[in-house]
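Reader: I'm new to this one, so could you take me through a helix slowly, and start with any term I'll need?

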Amino acid sequence: MAGAGAPSQPRHRERRIKDLALFPLQAVLFPGGRLPLRIFEQRYMGMAKACLRAGSPFGVCLIREGAEVLSEGVEAPAVPENVGCLARIGAWDMPQLGLLHVVAHGEQRFRILERRVHRGGLQTADVELIAPDADDAVPQSCRRCVELLSRIAARHPEAVEAPPHMESCAWVGARLAELLPLPNDLKQALLELTDARARLERIERLLG
């Protein structure tokens with residue numbers, strides 16, 4: 001049961017999405033997170049336009065190997081990690097022809113079941129959604145995490161989506177995991193944890 005002060009978490013039955021468009025990046029997106037993107041490659045311009053028309057999400061995954069951008073001499077798109085996060089476009093702008101600025105918001109995590117590479121380099125996958133973590137109130141042993149996140153939010157309010165949930169293990173842990181200057185492989189490991197309190201306690205230990 002969620003502790004006092006923790007936001008309620010909808011309990012979704014695990015389900016699958018077919019042909020989810022993937023956007024492999026050198027970044028890790030967490031549920032509830034904010035991800036600004038500059039899109040200029042044709043494969044992702046088409047993906048973003050299709051998502052905007054349908055109101056549908058795409059999948060953000062950390063790159064396991066390869067490069068973000070297809071260029072001369074690069075024969076195949078990047079290989080993504082198996083666990084990623086759904087992203088839905090919340091705002092967009094096209095300051096010039098061929099350049100799209102979007103702000104995407106993290107939703108539910110997913111696990112790739114089967115991945116395909118299409119002509120032009122766009123990847124899609126059949127994915128299984130990962131149920132949201134059971135939440136709990138932040139324990140006293142992790143209050144330093146709350147204090148740190150409060151300072152970050154005060155200095156960089158644009159980086160933390162409102163309203164804040166400073167008593168939620170899941171929310172505080174996810175926000176610190178995405179905002180702290182941690183190696184991407186560590187961020188990925190934190191994303192893949194399915195215990196919100198364990199994630200926050202691991203971040204607390206990382207603070208030293």
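Author: One term first: two elements whose axes make an angle over 145 degrees count as roughly antiparallel. Please also keep in mind that this is a predicted model.

Reader: Okay, so how do α4 and α5 lie relative to each other?

Author: The axes of α4 and α5 come within 9 Å and cross at roughly 150°, and the two helices are therefore roughly antiparallel to each other. The contact between them is made by L186, A189, L190 and L191 on the α4 side, and by R199, R202, I203 and L206 on the α5 side. The crossing of α4 past α5 is right-handed.

Reader: And which residues of α5 are buried?

Author: In α5, which covers residues 196–206, the buried residues are A196, R199, L200, I203 and E204. They lie on the same side of α5, because they cover an arc of only 140° around the axis.

Reader: What do those buried residues pack against?

Author: They pack against β6 (99–117), α2 (143–155), α3 (169–179) and α4 (184–192).

Reader: What does its side chain make a polar contact with?

Author: The side chain of E204 makes a polar contact with the side chain of R144, at 3.0 Å. Leaving aside residues up to four places away in sequence, E204 touches S141, C142, R144 and C145.

Reader: Switching topic, what's at the start of α5, and what follows the helix?

Author: At the start, a side-chain oxygen of D195 reaches to within 3.0 Å of the backbone nitrogen of R197. The helix is followed by G208, which has a positive phi, near 80°.

Terms used
Residues are numbered from 1 along each chain as its sequence is written. This is a predicted model: local features need pLDDT of at least 70, side-chain atom pairs count only at pLDDT 80 or more; totals for chains, interfaces and linings use all residues. Side-chain values use heavy atoms; hydrogens and water are left out. Buried means under 20% relative accessible area, exposed over 50%, partly exposed in between (1.4 Å probe, protein chains only). Helices (H or I, at least four residues) and strands (E, at least two) are DSSP runs, numbered from the N terminus. The arc is that of the directions from the helix axis to the C-beta atoms. Contact means heavy atoms within 4.5 Å. A polar contact is a pair of N or O atoms within 3.5 Å; within protein, one must be able to donate a hydrogen and the other to accept it, and residues adjacent in sequence count only if both atoms are side-chain atoms. Axes are lines fitted to C-alpha atoms, for helices over the stretch in contact, and angles run from 0 to 180 degrees between N-to-C directions. Angles under 35 degrees count as roughly parallel, over 145 as roughly antiparallel, 65 to 115 as roughly perpendicular and the rest as oblique. A crossing is left-handed if the near helix is turned anticlockwise from the far one by less than a right angle, and right-handed if clockwise.
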